[in-house]
Amino acid sequence: MSLLKPIDMKNVSNLKFLIAFALCASIVSCKRSSNSSNVDSATGWKINDKNGGFQYNTNFKEQETPPGTAFVEGGTFTMGKVQDDPMHDWNNTPNQQHIQSFYMDESEVTNLNYLFYLDYLKSVYPPDDPNYSLIYKGALPDTLVWRNRLGYNEMMTENYLRHPGYANYPVVGVSWIQAVEYATWRSNRVAEMSLQEAGYIKRDAHLTDLNAESTFDADTYINAPTQTYGGNSEVLEGGKRRQQTDAEGNPINVYANKESGLIPVKYRLPTEAEWEYAALGMSELRSYNVYRGRKKYPWDGQYTRSGKRVNRGDQLANFKQGKGDYGGIAGWSDDGADITAEVKSYQPNDYGLYDMAGNVAEWVADVYRPIVDDEFNDFNYYRGNVYTKNALNEDGTVKVVTVDEIVYDTLSNGKIIARNLPGEIAKIPVDDQDTYLRTQFDKSDNRNFRDGDKRSSRYYRESFDEGDDRIDQTGKMYNSPKHRVEMDSTDGKLIREYDKSNNRTSLINDEVRVYKGGSWRDRAYWIDPAQRRYFPQDMATDYIGFRCAVSRVGSKSVKSQKRRN
């Protein structure tokens, strides 16, 4: 007896109808959902209505990779796991950290990159104008870092920065402060180009309408757009966006804002945790040993030479191989350089980043401390937060720096730099009004938090140096020398006063920054990404350069975004 029933053609027809109905319903549903991005899901009101109202970029898909950078997908890693630690100084104890996704320069900032920056400053703030002479001078790299009292290095002193033969070599002689200023300038130029291309700013305004009183600053454009370019309406209203009008003929979308998605995220120095994570090149979870921190270099393996058949024996980085050996024997076992090498001379790591070991060491954002306080934070770790806010005028508008309001700082080495430039928003520290009853922070300067402040220090005694009004904080953590450098208001000469106290116990203070990566001057010991050292933030060397980073907004990665969709 058959268990199968004869097919009822009427049921088949009904089934076809139901399937067709379901398909139509799904199409209508998809169509509605695609249009719902321009409707507020909470109120049902329209977004981006042609008659005005709330304007928002509902078509934003993905953050564009910033110029010159490569994507680094965030994740968890063991920070501070050095493979060689013969001194056992616990300079960087291993700890597990999580890093958010970000972008990092493929290579170090080059001489050509930096010369472009100097040319901009020179054209906007002419050095022969007494009002601006210190701006350009304060940005110049220190070319004298190449000199050695028992070595002939005048060729590098005279040529390394500007000669075309060194155009694509990493810039050196740049202090941490100068590197931060370059990152700020670069952020403004990329944002300016983005707004020009989107039609919000007159095309080529950076070439035709730029001077000391007419400059572009991204923060100023966001907070006080009418004061950008010194309030030059021809530039600000010269883009194609000015031609768009509402139903009554009034201009709309004259100025872009954060909601437009057109103002790029800022360039900055990477944090120490970001730099170390990126240098290790753990783009995929390959093996247990790699994940737990047993990857010694940016490349796979425990050696500095290639084991691949095609280039077996070649050095994989530019570093000092031994006493008096900066490159190997000529024509054999050579790393291709005796000082720095041209960027991208060696293979990149798995993130597409070049020279994360050797060539030049690199500044990172962090203030140096011997320990990384993972007990307090293990997410995007960074020591160096100094929170500020926009200064306001009496009428409540933001205060934009004018030509006659430039403030100059005299550094510990006597160099004078501009703290702010015309067109920028003046910044002031956050105060009690901003920190009252907050649990995340209670003051502006957090560089000393839990390691150097009064709550974390042990005071054995406090006394005064004889004939000096400075407290000799003997017994306090990081009791470093306190030199004084200031300019005489009468003749403009520098007054230098050196701290000659015999009670100082450390060189660590809030003005020393971490640098990572090893250099052409360093042995292989220092090219381990976990190794760390520090140097005064206002001084420079012939072996420290830098590269920039950009935070990622939105999804952790393109892959995770597609998975959600």
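## Helix H5

Of the 22 residues of H5 (residues 176-197), 16 are buried, so this helix is largely enclosed by the rest of the structure. Buried means under 20% relative accessible area, exposed means over 50%, and partly exposed lies in between (1.4 Å probe, protein chains only). Helices (H or I, at least four residues) and strands (E, at least two) are DSSP runs, numbered from the N terminus. This is a predicted model, in which local features need pLDDT of at least 70 and side-chain atom pairs count only at pLDDT 80 or more, while totals for chains, interfaces and linings use all residues. Residues are numbered from 1 along each chain as its sequence is written, and side-chain values use heavy atoms, with hydrogens and water left out.

At 1.5 Å a residue, H5 should span 32 Å, and its end C-alpha atoms are 32 Å apart, which agrees. The expected span is 1.5 Å times one less than the number of residues. Asparagine 188 is in H5 and counts as buried, at 8% relative accessibility. Leaving aside neighbours within four places in sequence, asparagine 188 is in contact (heavy atoms within 4.5 Å) with Phe216, Asp217 and Ala218. Just after H5, glycine 199 has a positive phi of about 90 degrees.

## Packing of H2 on H5

Helix H2 (residues 111-124) packs against H5 at an angle of about 75 degrees, and the two axes are 11 Å apart. That makes H2 roughly perpendicular to H5. Axes are lines fitted to C-alpha atoms, for helices over the stretch in contact, and angles run from 0 to 180 degrees between N-to-C directions. Angles under 35 degrees count as roughly parallel, over 145 as roughly antiparallel, 65 to 115 as roughly perpendicular and the rest as oblique.

On the H2 side the contact involves Asn113, Tyr114, Phe116, Tyr117 and Tyr120; on the H5 side it involves Gln178, Glu181, Tyr182, Trp185 and Arg189. These residues divide into 6 nonpolar, 2 polar and 2 charged. Ala, Val, Leu, Ile, Met, Phe, Trp, Tyr, Cys and Pro count as nonpolar, Asp, Glu, Lys and Arg as charged, and the others, Gly among them, as polar.

## Aromatic pairs

The whole structure holds 30 aromatic pairs. Rings of Phe, Tyr and Trp (its six-membered ring) pair if their centres lie within 6.5 Å; planes under 30 degrees apart count as stacked, over 60 as edge-to-face and the rest as tilted. Tryptophan 146 and tryptophan 520 have ring centres 5.9 Å apart and planes at 25 degrees, so they are stacked. Tryptophan 146 lies in the loop between H3 (133-139) and H4 (154-159), and tryptophan 520 in the loop between S15 (512-516) and S16 (533-536), 374 residues apart. Both tryptophan 146 and tryptophan 520 are buried.

Phenylalanine 376 and phenylalanine 449 have ring centres 4.8 Å apart and planes at 70 degrees, so this pair is edge-to-face. Phenylalanine 449 is partly exposed, at 25% relative accessibility. Ring pairs also link Tyr114, Phe116, Tyr117, Tyr120, Tyr182, Trp185 and Phe546 into a cluster.

Asparagine 48 is not a glycine, yet has a positive phi of about 65 degrees. Asparagine 48 sits in the loop between H1 (9-35) and S1 (69-72) and is partly exposed, with a relative accessible area of 26%.

Aspartate 204, also a residue other than glycine, has a positive phi near 65 degrees. Aspartate 204 is in the loop between H5 and H6 (205-208) and is partly exposed, with a relative accessible area of 35%.
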